[in-house]
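Please open the structure in your viewer and keep the selection tool at hand. The tour moves from one selection to the next and says what is found at each stop.

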Amino acid sequence: MKQKNEQIHTRKLLTYLLIGLIGVLGLICLYYGSSFAPGSRRYDTGSRLDGSDPVFGGFSRNRDLLDEQGHYPEVPKSFPICDIKYSELIPCLDRNLIYQLKLKPNLAVMEHYERHCPPPERRYNCLIPPPKGYKIPIRWPASRDEVWKANIPHTHLAEEKSDQHWMVVDGEKIKFPGGGTHFHDGADKYIVGLAQMLKFPGDKLHNGGSIRNVLDVGCGVASFGAYLLPLDIIAVSLAPNDVHENQIQFALERGIPSTLGVLGTKRLPYPSRSFDLAHCSRCRIDWLQRDGILLLELDRLLRPGGYFAYSSPEAYEQDPENRKIWNAMYSLLKRMCWKVVVKRGQTVIWAKPLSNSCYLKRDPGTRPPLCSSGNDPDASWNVSMKACITPYSAKMHKERWSGLLPWPQRLTAAPPRLEEIGVSAEEFHEDTKIWHFRVIEYWKQMKSVIQKNSIRNVMDMNSNLGGFAASLKDKDVWVMNVAPIKMSARLKIVYDRGFIGTVHDWCEAFSTYPRTYDLLHAWAVFSEIEERGCSAEDLLIEMDRILRPDGFVIIRDKHSVINYIQKFITALRWDGWLSEVEPRTDALSAGEERVLIARKKLWTDGFMTI
């Protein structure tokens, strides 16, 4: 009897365990099949419509805007909002993703700061919320000197750099005195000092408009770039999302042209010969690593005769270690045919050669070598850096300069490199006229809602020849001109006009923080990604991520695209204000187009998050 009771007890225990296991598995299935799984989309339509993986809930990545019957697929009435911990998410610069995907980047060469995008099935398919207490940003030009602390609730830089006057916390605001690691007394005085070293007229660094495009690597909170703006100099202020995290976020919140990036293993996403001056002030970069490959990347990016201003202990300290670094750096740059223009105090300024003459006089076998004829110096999207010198073309070698007029004449003059992309001067000028008219019409549409200085940071998502940016020249804005990878060859024209920009693939997330742009202009961008089989919905969610509350989107595309996007306006909470028109057909129109302008709402408390 006792043995029988024990058998019954054992069977009951196994039964309970089995029931419990089934229950646990059921809960797991319910969780991952529900709208509350991390990164999934919740639909108010009641069921999943696309047959995709319910864990991350992405839309189909290769679906046309119309289904086989010519109807628009159903769309959600609302998107869920991500958890507040994702309020500063940069999907392709998310180091947590590196660990999740078990990638093994080489930390010594900064691979972990380069782009690593989530595969489609692991994208966050929810709207990024602002931090608690977020306010509409302070408007330019006041924003140069102060921002709301609630918008970027990080004060560690103020504590760490307190002796260098990067930033100070003052009640509800964070203020920027204009200091930096190397220029404690202010970037404005430092900039005057550079102009004096170069003996430029009037101590003005723009040198009569010949210095217009600047690359500032390791820029901190971009005060150097901020104080270049009154001189009609525009800088790409560049820094990684590193231990000084949020420095670029502060710069963009201030309204200063800046972007996330790193001198690592890949070329920076800019064409060759884009900058008149490169600047490094205590940027903590090992310029000698890998046969000087990082200096060779600067060489690729500088124009003929371009300058490299370098302020660092190696330039002035006399201890053995710094002397060793200086001697090695001097030797390398001499072999690259750079010359020291001036060395004073804590700063040295080099200049790149004007022609190939010095290269041709080097001894055989001198390193670094010249790049092979098959190397395309303008290829920059996901292209590895090369440890070689990019020589000039025969034409540029003969003329010994870039052929660019001083700013602002170069804004409207046809650049010499137009012939490299097969565009005539007449087509260039016609493009400029068309965009001038288009932008006037845009502003007429927004006239009733746009306020003074409410737009500062602008992105043109398909910049073409830079005509959109050129048409904004009289407004106090700056434009990040984005060349989609298919049109990347045209970005050199944007730089030659005196603007800045980057190459990007709109099938992926952009390298910037959430809430950093006041206006996004998307001309034929959705048509382009549709042709490549990418998701329009993913792009809309990405645009929402980088758009500030109260910001505008201008989407110009074919009718079917606009009709489809309209169905998402309420779900995206872009219905703060809405306008749609059919514009006049012009030489750039690809068939019949429509223009949709929408304004993003500032979310209030109470939206459900996931």
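The stops below cover strands, a helix and aromatic rings.

This is a predicted model, in which local features need pLDDT of at least 70 and side-chain atom pairs count only at pLDDT 80 or more, while totals for chains, interfaces and linings use all residues. Residues are numbered from 1 along each chain as its sequence is written, and side-chain values use heavy atoms, leaving out hydrogens and water.

Begin by selecting residues 547–558, strand β15, where 10 of the 12 residues are buried (under 20% relative accessible area with a 1.4 Å probe, protein chains only); strands are DSSP runs of E of at least two residues, and helices are runs of H or I of at least four, numbered from the N terminus.

Next, select helix α17, residues 559–566, where Val-561, Ile-562, Tyr-564 and Ile-565 are buried. Looking down the axis of α17, its buried residues fall within an arc of 165 degrees, so they line one face of the helix (the arc is that of the directions from the helix axis to the C-beta atoms).

Finally, select Trp-435 and Phe-468, whose ring centres are 6.2 Å apart with planes at 85 degrees, so the pair is edge-to-face (Phe, Tyr and six-membered Trp rings pair if their centres lie within 6.5 Å; planes under 30 degrees apart count as stacked, over 60 as edge-to-face and the rest as tilted). Trp-435 lies in helix α12 and Phe-468 in helix α13, 33 residues apart.

Technical notes: Buried < 20%, exposed > 50% of the residue type's maximum accessible area, 1.4 Å probe, protein only.
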